Amino acid sequence: MKIYKARDYDHLSQIAANIIAAQITLKPESVLGLATGGTPVGTYKELIKKHKSGDLCFSEVKSINLDEYCTLAPESPQSYAYFMNDNLFNHVNIKAENVNIPSGLNLDADAECKRYDEVIKKNPIDLQLLGLGPNGHIGFNEPDAELKLGTNHVSLAQATIDANKRYFEREEDVPKTAYTMGMGSIMHSRKVLLIASGEGKAEILYKALKGPLTTQVPASLLQLHRDLIVVGDEGSLKFLVR
Ligand code: GLP
C-alpha cells in the first residue's frame, strides 16, 4: 500500500488526476473503474483541464462505474449516470459506447447484475478509483455479515441515506436500493486508487487501512490488494500519517 498525503483537497485532486492521467498515457485503451460522490469531483475537474490543454485523450478509454441508484433514469440529476456526464464525460472525448454504468431502470435485479458482471469480465479494470463511504462502504457495498463477489442489488444503509440525502430535495426521495459492483470485481482491478478528504473521514480511513479485516468495514478488504494507492489530505490522514 502506498499512501500519499496531500496538502489540501485541491492538491489531493491533482495527485489523483496525475495518477489516472499516467495510467491513460501508458495505456490509452485503459479500462477505468470510476466513482461518484463529492470526493472525486475535483479529480474529474483536473482530468478535464488536462484534456482541454491537449495533454490527455480519452478516445480509447473505457469506463465502468461502480454503482447506480435503482429506479433513477440517467436523465435524473440525482442519478450517477447524470453525475458522470455532468462532472466528466460531457467534457472529454470518451466515446458514449465505451461508458458503462448499471441501469437503475432495469428492475430485474438478477438480469442487471448478470449483464454488468459480463461487462466487467470482458473489460478487466486497469485502475479502480474509489471514494470511501462514511461507514466504510466502497461502491455501495455496505457493511454486512457477508459481502458479495459480483454485482449485487443492495439495500442502502441508513448512514448512506443520511450522507447522500444532501443531493435530494427530501430524504424520502433517496432511493432505498442500488446496484453496485461487487467486492470481487473491485479486488480484481489491477490498481486501486482510494481517495478520502477531510477530518470526517479520518476515523473510518484509519479503520479501513489499519483496522482488522472485517465485512463490517468493506474498505478494510483493500488491505489485501496488491496495488493499493491511497491519496488523502491532512484531515483524512490525521491518524495515519504525521
Ligand atoms: C456514495 C457512493 C460511493 C462514494 C461515497 C462517498 O455513497 N456510492 O461510491 O464513495 O458516496 O461519497 P463522498 O465522496 O461524497 O464522501
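In which strand is T180 found? The views below begin with this residue, in a model that is predicted.

View 1. T180 is found in strand β8, which covers residues 177-180, and the residue is buried, with a relative accessible area of 0%. Leaving aside neighbours within four places in sequence, T180 is in contact with L66 and D67, with the residues I138, G139, F140 and N141, and also with G150, T151, N152 and V154. The view can be set against the position of E169, which is 11 residues from T180 in sequence, while the two C-alpha atoms lie 23 Å apart in space.

View 2. Apart from neighbours within four places in sequence, the contacts of D67 are T36, Y80, I101, P102, G139, F140, Y179 and T180. T71 is placed in the loop between β4 (67-69) and α3, and T71 has a positive phi of about 80° although it is not a glycine.

**View 3. Helix α2 and the elements that cover it.** Helix α2 runs over residues 40-52 and has 13 residues, reaching 18 Å from its first C-alpha to its last, which is close to the 18 Å expected at 1.5 Å a residue. The buried residues of this helix are P40, V41, G42, T43, Y44, E46, L47, I48 and H51. What covers these buried residues includes the helices α1 (9-26) and α3 (80-87), together with the strands β2 (31-34), β6 (127-130) and β9 (191-196). After α2 comes G54, whose phi is positive, near 90°.

View 4. In soluble globular proteins, nonpolar side chains tend to be buried together. The largest nonpolar core in this model has 60 residues, and those with the most contacts inside it are L88, L193, L194, L205 and L222. Helix α1 gives the largest share of this core, 8 residues. L88 touches L34, Y44, L47, I48 and F83, when residues up to four places away in sequence are not counted. A second, separate core has 10 residues, including Y69, I161, F168 and V174.

View 5. V31 has its place in strand β2 and counts as buried at 7% relative accessibility. Not counting residues up to four places away in sequence, V31 touches K62 and I64, as well as N123, P124, I125, D126 and L127. T151 is 120 residues from V31 along the chain, and the C-alpha atoms of these two residues are separated by 17 Å. Q128, found in strand β6, counts as buried at 0% relative accessibility. Leaving aside neighbours within four places in sequence, the residues in contact with Q128 are G33, L34, L66, M181, S189, K191, V192 and L193.

View 6. Rolling a probe the size of a water molecule over the atoms shows where empty space is left. About 420 Å³ of space lies in the largest pocket, which is lined by 24 residues, with G37, L132, G133, H137 and K201 lying nearest its centre. This lining divides into 10 nonpolar, 11 polar and 3 charged residues. The second largest pocket holds about 160 Å³ of space, and its lining is made up of F140, N141, E142, D144, E146, L147, K148, N152, H153, V154 and S155. Among the residues of this second lining, 3 are nonpolar, 4 are polar and 4 are charged.

**View 7. G235 in the segment after β10.** G235 is placed in the segment after β10 (228-233), and at 15% relative accessibility this glycine counts as buried. Its contacts, leaving aside neighbours within four places in sequence, are G198, E199 and A202. A163 is 72 residues from G235 in sequence, and the two residues are 18 Å apart in space, C-alpha to C-alpha.

Key. Residues are numbered from 1 along each chain as its sequence is written. This is a predicted model: local features need pLDDT of at least 70, side-chain atom pairs count only at pLDDT 80 or more; totals for chains, interfaces and linings use all residues. Side-chain values use heavy atoms; hydrogens and water are left out. Helices (H or I, at least four residues) and strands (E, at least two) are DSSP runs, numbered from the N terminus. The expected span of a helix is 1.5 Å times one less than its number of residues. Buried means under 20% relative accessible area, exposed over 50%, partly exposed in between (1.4 Å probe, protein chains only). Contact means heavy atoms within 4.5 Å. On a 1 Å grid over the protein atoms alone, a cavity is a set of points where a 1.4 Å probe fits but cannot get out, and a pocket is an open set with protein on both sides within 12 Å along at least five of seven lines; lining residues have an atom within 4 Å of a point. Grid points are joined across faces, edges and corners, and a volume is the space filled by probe spheres set on the points. Ala, Val, Leu, Ile, Met, Phe, Trp, Tyr, Cys and Pro count as nonpolar, Asp, Glu, Lys and Arg as charged, and the others, Gly among them, as polar. A nonpolar core is a set of buried Ala, Val, Leu, Ile, Met, Phe, Trp, Tyr and Cys residues joined through side-chain atoms within 4.5 Å.
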